[in-house]
Amino acid sequence: MTAIDLGLPQLGGLDLVPATEEPQKAKDYKSDQEVRWCPGCGDYVVLNAVQSFLPTLGLKRENIVFVSGIGCSSRFPYYLNTYGMHSIHGRAPSIATGLATTRPDLSVWVVTGDGDALSIGGNHLIHALRRNVNIKILLFNNRIYGLTKGQYSPTSGQGMVTKSTPMGSLDAPFNPLSLAIGAEASFVGRALDSDRKGLTEVLEAAARHRGSALVEIYQNCPIFNDGAFDVLKDKDEAAQRLIPLKAGEPIRFGAQGEFGVRRGEWGGLDIGRVSEIGEANLVVHDPSIAESTYSFALSRLGDQNLTHTPIGILRQVERPTYDDGARAQVEQARAARRPDLQSLLRGKDTWTVV
């Protein structure tokens, strides 16, 4: 019998094994490995937030798996007292797909960086998202290659001077959220490494979502791209730049909520003062809109200069998952064939061994 047959709790549609009777704590998810990142790295904050929220899922640690690729963020599995795999560059979503498809009882997570996910792993990422595999992808975006010592990445800004672009990068950077929505990801969110509360809220929602969930985390690299997101962490600057998204609430921001978002031309969204736009014309946030035009327009409100940055859950919709469909096909094939040992032995496809 499955956990569903027994009436046990579910998380994101998983067939769950109940957690131990004794409540779990953050320390239960800390491994015995020394955490080794550069002092001041945003990864420390994210790790602490993940270790603190995992006990709330009600899962046994052996029913949680973290798969990583290559990069600073990919050390994550070593520091969590769960199952984990440090895989190869860019291929973590593919490995996680196989795991989620064959083991519906597991909560499968991918930890990756902007270089690992969007460069060598770009193909694997978009197909995992379009298939809507039941995995959760944490994309650490520091806009630089950190582990390999400071080359420009797919999210580095145009003109950025790095070890591999001494005269400035010529590339137009990716917008990871636009990319994910374009690939039909059913859950897309963004959080800041320094915003513990906001990060935890998005992670919890992603964990309970059935299907592919991508969470972009703005994460500071103090060595090779220090201060990339400082304008979003300064109290005064953040109030003018961060656009908090709350389902069912009008989208407005500013120290006094003086700015808001309204419908623009060509299906886009515009920003202006509420006093000029009018309260009645503000967009009420609804991440469950099936048509992706709205969430895509939200992702385009921001630019590389972080002038306006939506934060929270942009998209959260329901659609069939790849792993559910694959398992259903296997069961259908088994039922149709009705394998019988004697029929196989006496059939035409037999051999006589002498």
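Q: Leaving aside its neighbours within four places in sequence, which residues is Asn 225 in contact with?
A: The structure is a predicted model, in which local features need pLDDT of at least 70 and side-chain atom pairs count only at pLDDT 80 or more, whereas totals for chains, interfaces and linings use all residues. Residues are numbered from 1 along each chain as its sequence is written, and side-chain values use heavy atoms, with hydrogens and water left out. Asn 225 belongs to the loop between β6 (213-218) and α7 (235-241); helices (H or I, at least four residues) and strands (E, at least two) are DSSP runs, numbered from the N terminus. With contact meaning heavy atoms within 4.5 Å, and neighbours within four places in sequence left aside, the partners of Asn 225 are Asn 142, Arg 143, Ile 144, Met 160 and Asn 220.

Q: How far is the backbone oxygen of Asn 142 from a polar atom of the side chain of Asn 225?
A: Asn 225 has a relative accessible area of 13% and is therefore buried (under 20% relative accessible area; exposed is over 50%, partly exposed in between; 1.4 Å probe, protein chains only). A polar contact is a pair of N or O atoms within 3.5 Å; within protein, one must be able to donate a hydrogen and the other to accept it, and residues adjacent in sequence count only if both atoms are side-chain atoms. The distance from the backbone oxygen of Asn 142 to a polar atom of the Asn 225 side chain is 2.9 Å.

Q: In what order do the eight strands of the open sheet lie?
A: Two strands pair if DSSP finds at least two bridges between them. The pairing in this open sheet of eight strands is mixed, and their order is β2-β1-β3-β4-β6-β5-β11-β7.

Q: Which are the edge strands, each pairing on one side only?
A: Neighbouring strands of the sheet are turned against each other by 20° on average, direction ignored; axes are lines fitted to C-alpha atoms, for helices over the stretch in contact, and angles run from 0 to 180 degrees between N-to-C directions. The strands that pair on one side only are β2 and β7 (242-244).

Q: Which residue of β2 is the bridge partner of Val 67?
A: Strand β1 runs parallel to β3, joined by five bridges, and Val 67 stands opposite Val 110 there. With β2 (residues 83-86), β1 pairs in the parallel sense over four bridges. Ser 68 stands opposite His 86 in β2, and the β2 partner of Val 67 is Met 85.

Q: How many residues of β1 are buried?
A: Both faces of β1 are covered. On one side lie Ile 64, Phe 66 and Ser 68, and on the other Val 65 and Val 67, all buried. The buried count for β1 is five of five.

Q: What arc around the axis do the buried residues of α2 cover?
A: In helix α2 (residues 92-102), the buried residues are Ala 92, Pro 93, Ala 96, Thr 97, Ala 100 and Thr 101. They lie on the same side of α2 because their arc, taken from the directions from the helix axis to the C-beta atoms, is only 155°.

Q: At about what angle to β3 does α2 run?
A: The buried residues of α2 pack against β1 (64-68), β3 (107-113), α4 (122-131), β4 (135-141) and α10 (322-337). Helix α2 lies across β1, β2, β3 and β4, and its angle to β3 is about 180°.

Q: Which residue of β11 stands opposite Phe 187?
A: Seven of the eight residues of strand β11 (residues 309-316) are buried, so the rest of the structure largely encloses β11. β7 and β11 pair in the parallel sense over three bridges, with Leu 242 bridged to Thr 309. Strand β5 (residues 187-192) pairs with β11 in the antiparallel sense over four bridges, and opposite Phe 187 stands Gln 316.

Q: How many disulfides does a search of the whole structure find?
A: Cys 41 is buried at 10% relative accessibility, and its sulfur is 6.4 Å from the closest cysteine sulfur, in Cys 72, too far for a bond. Cys 221 is buried at 9%, and the closest cysteine sulfur to its own, also in Cys 72, is 6.5 Å away, again too far for a bond. Taking a disulfide as a pair of cysteine sulfur atoms within 2.5 Å, the number found in the whole structure is zero.
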